[in-house]
Amino acid sequence: MDPTFHRAGSVAVIGRPNVGKSTLVNALVGAKVSITSKRPQTTRHRLLGIATFPQGQIALVDTPGLHREQGKSTASAMHRWMNRAARGALEGVDAAVLVVEAGRWDDEDTLAFDALKEAGVPVVLAVNQVDKLRDKTALLPYLAKVSAGREFASVHPISALKRSGLEALVDDLLKLLPQAPPMYGEDEITDKSQRFLAGEMVREQLMRQLGAELPYATTVEIERFVEDGELLRIGAVIWVERDGQKAIVIGKGGSRLREVGTLARSHMEQLFGRKVFLETWVRVREGWSDDEAALRTLGYHD
Ligand code: GDP
Ligand code: MG
């Protein structure tokens, strides 16, 4: 391709929780900027992942999945906030990639598709997790079914986890972007600070290590983030709502919290390219997830 012909713009990554949006963003960026786990609603904040290629640059807007708000759940303010963040992500983007799980199309997928059409952006469909499909012959009829009556700029079966099908997806996304010079430097991979990313790395390990046992209303606050020569000294507070939850997070003899800390630290060192000294504490604050003011002090603001 002519090196002077360069495209740049932003693309919203939309879909229901747990389809693999953040995994896709990381695969395209080539680094783990967005945390992922088997638990739905792992992503709580809007985040830019910047993917730079010789022929163009895509600023990917990763979002919490659009989902139904569940009435008076304990975390309803959090749900409202997450949906706002997902919808807000559509403002000013050049295109969107709608991520769905191969073989499935739920009401929530229709909800996401309709929201995109309403926003008037071109939509590329990424049919993710094709590596999990046992019967590969089911793929073609599925693609025909989901694209019937719905207008997509293009449709791509992919595996974000195995990184297959991504080159063609990138090519088609770039076609939807304006001809423009890069918006970000080649080494910029996200719009979030290292401090923010450090908190996310701890939250990711909490989700992965505790699974369904993790109280939904758990959040992480980075209380200390200081450079000490070559070393980064990071202090993270894990906020839970009740004493019982604190015990669950800490685990027998502190084993769980140690595991969370060790893994989070290793991911931080990988992403930041330097040694990290990480300390973690668990503290109790009652009812914060349904309290808009408390959410704001913990960084959940638009
Ligand atoms: P999000 O909520 O849409 O951002 O989903 P995540 O990116 O957090 O992924 C949810 C889960 O699906 C994680 O456990 C991922 O490892 C897994 N996952 C994502 N993409 C793929 C894929 O292509 N194949 C398989 N087998 N798993 C995937
Ligand atoms: Mg996510």
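A polar contact is a pair of N or O atoms within 3.5 Å; within protein, one must be able to donate a hydrogen and the other to accept it, and residues adjacent in sequence count only if both atoms are side-chain atoms. The model is predicted: local features need pLDDT of at least 70, side-chain atom pairs count only at pLDDT 80 or more, and totals for chains, interfaces and linings use all residues. Residues are numbered from 1 along each chain as its sequence is written, chains are lettered from A and ligands numbered from 1 in the order in which they are written, and side-chain values use heavy atoms, with hydrogens and water left out.

The side chain of Lys21 makes such contacts with backbone oxygens. That of Arg16 lies at 2.9 Å. That of Gly15 lies at 3.3 Å. Lys21 belongs to helix H1, residues 21–29. Helices (H or I, at least four residues) and strands (E, at least two) are DSSP runs, numbered from the N terminus. Lys21 has 5% relative accessibility and therefore counts as buried. Buried means under 20% relative accessible area, exposed over 50%, and partly exposed in between (1.4 Å probe, protein chains only). The C-alpha atom of Lys21 is separated by 6.4 Å from that of Val99, 78 residues apart along the chain.

Val99 sits in strand E4, where Ala95, Val97, Val99 and Glu101 point one way. Ala96, Leu98 and Val100 point the other way. E4 spans residues 95–101, and seven of its seven residues are buried. Strand E1 (residues 7–14) runs parallel to E4 and is joined to it by four bridges. Two strands pair if DSSP finds at least two bridges between them. Ala12 is opposite Ala96 of E4. Strand E5 (residues 123–128) also runs parallel to E4, with six bridges between them. Ala126 in E5 is the bridge partner of Val99. From E4 the chain passes through helix H3 (residues 107–119) to E5 in a right-handed β-α-β crossover. Right-handed means that, with the strands pointing away from the viewer, the path from the first strand over the helix to the second runs clockwise.

Of the 17 residues, 13 are buried, so H6 is largely enclosed by the rest of the structure. Gln205 lies in H6. Its relative accessible area is 2%, so Gln205 is buried. Not counting residues up to four places away in sequence, Gln205 touches Leu210, Val260, Leu263, Ala264 and His267 (contact: heavy atoms within 4.5 Å). Gly211 follows H6 and has a positive phi, near 50°.
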